[in-house]
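Please keep the structure in view while reading.

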Amino acid sequence: MNLHDKLAILADAAKYDASCASSGAQRRDSKNGTGVGSAGGMGICHSYAPDGRCISLLKLLLTNRCIYDCHYCINRRSSNVRRAAFTPDEVVRLTLDFYKRNYIEGLFLSSGITRSADHTMEQLVEVARTLRETHDFRGYIHLKTIPEASPELIEKAAKYADRISLNLELPVQTSLDRLAPEKNLARTKQAMGRIRLKLDDAAERRKQGDRKLRHATGQSTQVIVGADASTDADFLTRSEELYQSYRLRRVYYSAFSPIPEPSAILPAKPAPLLREHRLYQADWLMRFYGFQRSEITPLDQPNLALHIDPKLAWALRNRALFPLDLRTATREQLLRVPGLGPRNVERILDLRRHTFIRLDDLRRLRVPLGKVRPFLATADHRPSLTELESDRILARFAPKPEQLELFC
Ligand code: SF4
């Protein structure tokens, strides 16, 4: 099989992995005329993966052969897809060719598991090692690692990559037992724990001035939403644990969509993309707005509402805490107002030192007045308690009606 055919198969097979954003990576440059692959010192072009999520990265599988049989995966061993495998040298060559043509600024490399976890991991590491050591490649590298691989190999991957990730796939072991019988939650968490210690160690050494240290700066994971019966509370509980105990940079939520020749135990329909979106919003609230998981999905509401965002849903469940007085509300309280983000909260805190804030001031800050008015009292506005308490408030935020498609 020629390289072009392999590329067609293995780039397509990689599109199901969403965990490839590059935020927070260490920047390198090649302005001194040596090395290749800097995204900082020259023009950046973008190439889009077929699913449209991953920009500027060559996103590939080393192989789509796999000895595991995860039901939701098109590459599982019982699937009837065309198989292909790159050699590490072929991936290196492709990455450099794509980079030199200005198509990409880095590589996202994952793989099915061939022969054994260690064998596969060795090949992934070899690609990253050759790029960095033989070709002085300074672009971004994200390596997918395999929890069952030896800790030494995962550590080596972290040495050459900017970001490493281990996919959790499903938030609870019972779902893994059913849909990905070879995967084990405890083993994945153990591997994440070891990576966390190495990342902490590397961060400390960097803080102490070790500028030459080469080590990944973060780890991430992906979960599939809607393939099993897990609730949004299950997903967010797991994410909260991963952020707090394993210091993950990101948990990526990927709405399940049926694959060709699907397993009979999978849902026949795709999960709503809006559910994936709401989970990202809830995740954001936990990471940047000080919310606890239990506030976002209380015991009696384990799934997020689809028709309103989770911050508004929380505010409506806690109407007694509003309206807030803009003169006295704390930063933490303001962050909980629907329509206010961290940047506007800082601006408001700054502005109120000099003046009594009025609605016009908020308008000038581009605060969405329609959204915040019921929740905030300003110098010239006192929200009506009746409106806040009535169900009419929901109408204010209800999504605009859409013309339905005649044919679908
Ligand atoms: S281990 Fe990865 S590639 Fe193999 S079947 Fe499972 S999800 Fe697919």
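In this predicted model, Asn 102 counts as partly exposed because 13 C-beta neighbours lie inside 10 Å, a count that falls between the limit of 12 or fewer for exposed residues and that of 20 or more for buried ones. Asn 102 belongs to the loop that runs between α2 and β2 (106-110), and its phi is near 70°, a positive value in a residue other than glycine. Arg 247 likewise has a positive phi without being glycine, with a value near 45°. Arg 247 is found in the loop between α7 (232-245) and β6 (250-255), and it is partly exposed, with 16 other C-beta atoms within 10 Å.

The two residues are set out below.

Helix α10, which spans residues 310-317, is mostly covered, since 6 of its 8 residues are buried. These buried residues are Pro 310, Lys 311, Leu 312, Ala 313, Trp 314 and Ala 315, and they pack against α8 (273-288), α9 (293-296) and α16 (392-397).

Thr 221 is placed in strand β5, residues 218-225, and it counts as buried because it has 21 C-beta neighbours inside 10 Å. Thr 221 and Ser 239 are separated by 18 residues in sequence, while their C-alpha atoms are 9.5 Å apart in space.

How do helices α2 and α3 pack, and at what angle? Helix α2 (residues 88-100) and helix α3 (residues 117-134) pack at an angle of about 40°, and their axes are 9 Å apart. That angle makes α2 oblique to α3, because angles under 35 degrees count as roughly parallel and those from 65 to 115 as roughly perpendicular. The crossing in which α2 passes α3 is right-handed. On the α2 side the contact is made by Pro 88, Val 91, Val 92 and Thr 95, and on the α3 side by Gln 123, Glu 126, Val 127, Thr 130 and Leu 131. Taken by residue type, this contact of α2 with α3 comprises 5 nonpolar, 3 polar and 1 charged residues. An α-helix has 3.6 residues a turn, so residues three or four places apart point the same way.

The ligand is surrounded by Cys 66, Tyr 68, Cys 70, Cys 73, Asn 75, Arg 76, Gly 112, Ile 113 and Ala 180. The residues of this shell divide into 6 nonpolar, 2 polar and 1 charged.

For the chain as a whole, the model contains 16 helices and 8 strands, and 39% of the 408 residues count as buried. Among contacts between residues at least 6 apart in sequence, 68% join residues that are at least 24 apart.

Key
Residues numbered from 1 in each chain as written. Predicted model: local features only at pLDDT ≥ 70, side-chain atom pairs only at ≥ 80, totals over all residues. Axes fitted to C-alpha atoms, helices over the stretch in contact; angles between N-to-C directions. Helix = DSSP H or I, 4+ residues; strand = E, 2+ residues; numbered from the N terminus. Parallel < 35°, antiparallel > 145°, perpendicular 65-115°, else oblique. Left-handed = near helix turned anticlockwise from the far one by under 90°. Contact = placed C-beta atoms within 7 Å. Nonpolar A, V, L, I, M, F, W, Y, C, P; charged D, E, K, R; others polar. Near = placed C-beta within 6 Å.
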